[in-house]
Amino acid sequence: VALASADAAKGKFRNFLLKALDNFVLDDLRRQACSNRRPAGGSVSLEDLANPDEAGAVNPNGNTFDRDWALSVLTTTEERTREFYQTKQAMGTWGAFRDGFLVPLRTAEERPTDAELAVRHGFASARQASNAITTAKRQFGKQLRAVVSKYVGDELEVDNEIRELIAILS
């Protein structure tokens, strides 16, 4: 098929072959780089933080130092996420996320309904409040990855550290 696209009017056959070889090598390099960006153990869902039992995470040691470290990472991540939404002047989104995700996660309090969160944080509907929480979860995940990446030397280890964080907090 590639040979059928060779056109003598466009240049020499040798140049066509060189370009085809270049494209093949570039495609192969891109394919290899893509697999390097995938973490070895797969991604960790932010939902696993809310449901550690479903993630299969356990903390057999109950190490106080590890728990203090994990709480410190979460606190830093929360602060960075709050600052992000403060800068964006979207504190309603932050409030809905805090009250609808973080507070129940930390305290095991019952989560308010999306309708309650909408009224509390100035959204027009429960759906908008739910969407705001989903958006803030993504931002929180980005911030969490940024915080954890300061503690590990290799980007591939970030997901492993987040799994460890889940295990420690479960």
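Residues are numbered from 1 along each chain as its sequence is written. In this predicted model, local features need pLDDT of at least 70, side-chain atom pairs count only at pLDDT 80 or more, totals for chains, interfaces and linings use all residues, and side-chain values use heavy atoms, with hydrogens and water left out.

The protein has eight helices and zero strands. Helices (H or I, at least four residues) and strands (E, at least two) are DSSP runs, numbered from the N terminus. From that end, the elements run α-α-α-α-α-α-α-α. Of the 170 residues, 28% count as buried. Buried means under 20% relative accessible area, exposed over 50%, and partly exposed in between (1.4 Å probe, protein chains only). Contact means heavy atoms within 4.5 Å. Among contacts with a separation of 6 or more, 63% join residues 24 or more positions apart.

The largest nonpolar core has 27 residues. Such a core is a set of buried Ala, Val, Leu, Ile, Met, Phe, Trp, Tyr and Cys residues joined through side-chain atoms within 4.5 Å. V73, F97 and L165 have the most contacts inside the core. The elements that give two or more residues to it are α4 (64–87), α5 (91–107), α6 (114–121), α7 (126–149) and α8 (158–169). The largest share, eight residues, comes from α7. Not counting residues up to four places away in sequence, V73 touches L144, V147, V148, Y151 and L165.

Helices α4 and α5 pack at an angle of about 160 degrees, and their axes lie 9 Å apart. Axes are lines fitted to C-alpha atoms, for helices over the stretch in contact, and angles run from 0 to 180 degrees between N-to-C directions. The two helices are therefore roughly antiparallel (an angle over 145 degrees). On the α4 side, the contact is made by L71, L74, T75, E78, T81, R82, Y85 and Q86. On the α5 side, M91, T93, W94, L102 and R106 take part. These residues divide into six nonpolar, four polar and three charged. Ala, Val, Leu, Ile, Met, Phe, Trp, Tyr, Cys and Pro count as nonpolar, Asp, Glu, Lys and Arg as charged, and the others, Gly among them, as polar.

A118 lies in helix α6. It counts as buried because its relative accessibility is 4%. Leaving aside neighbours within four places in sequence, A118 is in contact with F123, S125, A126 and A129. The C-alpha atoms of A118 and G92 are separated by 8.8 Å, and the two residues are 26 residues apart along the chain.

Key: Parallel < 35°, antiparallel > 145°, perpendicular 65-115°, else oblique.
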